[in-house]
Amino acid sequence: MLAGVLAGVLVAGAGPVLTPASADGIPGLDLGSDSEPGWEEPLEEERQPAVFDDLGPAPEESPSRVAATGPGASPAGPKVAPLLRRSAWSWYLDPRVIEDRGRTTFAALANNGDLQVVQIANSNARLSRFTIARKVPVDDHNSPALMRTASGRYAALWSGHEKTPAYLRVSRNPDSIDQWSPRRQLTGSGLENEGASYAVLFRVPQQTDQYVAIVRRKSDRLWVMTTSRDLRRWSKAFPLVRTIYPIEQREQPYLKFTFDGTTLHVLGSDRQPGSSGPNKLYHFSIADGVVRRTDGVVVDTLANIKAGRPIDLRSTSLLYDGAGADGQVRVYDVAVVNGEPIAAVTSLGGNGTQPAYKWARFRNGQWQLRTLVRQARYPEGMTLDTADPRNVYLSYAAPGERTGRIVHLRTPDDGETWTRHEIGDSPGSRTPTTPVGSGGPWLAMWLRGPYESLAKYDTTVTGLTTGRRPVYLTLTWRRTRAGALRAIVLTRQGYTSVPAEGVPVFLRVVRNGKTRLRPVGTTNRSGKLTVRLDGLRPGARVNFVVRPSGAWGAASTKVERL
């Protein structure tokens, strides 16, 4: 186990996107003072009013992703849902989506430099979000990795693609993203003034220094590890894998990690795809203080690594040789089932072969690869379901299509045969990932929309869910010439500009301690509903509510006093 090993070796040495709702300055209407102008409306620092206060119990939990392994697994089937527009992430950030205690949480970097964390309640699809950093250099590599702490708080780690050091913030309250600590650096790690790229964050509960962070530092392009007891003081960072080729030619290793509770599994290519020569892909694991090949043979120790002697990938298990007919390799994902690693990789083609998506397992003393699908276009991402790696989501570009759409593949026999399911996605999708955690209604998330480069994108974080589609409400007040007060409710799918049509909306009125709830209509094709408010007395507190029913999740506007 990692418990004794990491505890003894890796110890700390020193100690929508929507325009904000507008208002006309109507006399007698208190709209509050906590709204700020800007590109999007910031999340309230206080918890939003619960939709179910005085309205009875919440609905039952949505079907989990463990039980829903493909279309048709729930009565209505999984649904594609837009979640957060103008935002993106990169491949080597993990986890990007986590699920625990009835909540699914993800983070992404908007193309205006806002780093946002979004949370979805699994039972009713209610949304909340928080901007943890602003003016971050726009680059999809600068999106964060997320983690749950021992106390149930959230931690977010991000870097600046070599332009800034790594930074960390921690939420102040368990199970909530509403308030966060000030920005921290990895104090004591030696990375405080070092440019960094990518972010990996996980917890090893068996050891004293239970929090583990991995980034790639700028000075030598090496992936380095540091640990912490309290997310404040960190151990001296040390490189895990040595370089084989000159880093001046951008031929540094690329690594992908997963921790299964006892063992850290690592997939590493010896140099970047697209470099001057063929690359190779290797696998090794770290547990019990030693480094093992996939077959269990010990090849190194953590003591040696920490002493400044990084692992030589060539001493570990070779998974793929890019000198073959399928050409160079890129690693996308690794997962573990029953202690055995599963790998998701792509080959880039060559020697007359097209690029291909591949699934790999270790059987009978060797790695076995299965080609899932080939396509003419450059592969734009694949991921394994962390709950069940027999499920794969990938961006497939059919013949004649310039961009891919997300499709779901499943094997019933450990990779021997595969079936492909269309999930209703459209071309223009890339970089999928699946939630890490105990299982919830969200099967996968990805980016959909225009993507020109890592620094120029207009993609929307999109998800596949067995539950309800999240919605977001904005409210504008108008007064007619006759003096009648009208409310214009706009309903959007997630924090996007996509209208939510046919959503039932209720008006909630609280006066003299009594609550009334009445339906006021459903939204039109533009997601709009205009409500005339008659008979409401001054002093009443009102807001508009969407109760979770059918396809739509719960939402509400802020409570305002007339």
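1. A word on the model. This is a predicted model, in which local features need pLDDT of at least 70 and side-chain atom pairs count only at pLDDT 80 or more, while totals for chains, interfaces and linings use all residues. Residues are numbered from 1 along each chain as its sequence is written, and side-chain values use heavy atoms, with hydrogens and water left out.

2. The largest pocket. Its volume is about 910 Å³, counted as the space filled by probe spheres set on grid points that are joined across faces, edges and corners. Pro95, Phe202, Phe259, Val436 and Gly437 are the closest to its centre among the 39 lining residues. A pocket here is an open set of points on a 1 Å grid over the protein atoms alone, where a 1.4 Å probe fits, with protein on both sides within 12 Å along at least five of seven lines; lining residues have an atom within 4 Å of a point.

3. What the lining is made of. Strand 22 (329–337) is one of the strands that supply at least two residues, and it gives the most, with five. Strands are DSSP runs (E, at least two residues), numbered from the N terminus. By residue type, the lining holds 18 nonpolar, ten polar and eleven charged residues.

4. Aromatic pairs. The count comes to 14, where rings of Phe, Tyr and Trp (its six-membered ring) pair if their centres lie within 6.5 Å, with planes under 30 degrees apart counted as stacked, over 60 as edge-to-face and the rest as tilted. Tyr198 and Tyr254 are edge-to-face, because their ring centres are 6.2 Å apart and their planes stand at 70°. This pair links strand 12 to strand 16, 56 residues apart. Both Tyr198 and Tyr254 are buried (under 20% relative accessible area, 1.4 Å probe, protein chains only). Ring pairs also link Tyr198 and Tyr254 into a cluster with Tyr92, Trp223 and Phe257.

5. Charges over rings. Arg129 lies over the face of Tyr495, 3.9 Å from the ring centre, and the charged end of Arg183 sits over Tyr167 at 3.8 Å. The rule asks for NZ of Lys or CZ of Arg within 6 Å of the ring centre and within 35 degrees of the ring normal.

6. An open sheet. Five strands with mixed pairing follow the order 3-12-13-14-15; strands pair if DSSP finds at least two bridges between them. Strands 14 and 15 run antiparallel, joined by two bridges, and Met225 stands opposite Phe238 in strand 15.

Key: Helix = DSSP H or I, 4+ residues; strand = E, 2+ residues; numbered from the N terminus. Nonpolar A, V, L, I, M, F, W, Y, C, P; charged D, E, K, R; others polar. Buried < 20%, exposed > 50% of the residue type's maximum accessible area, 1.4 Å probe, protein only.
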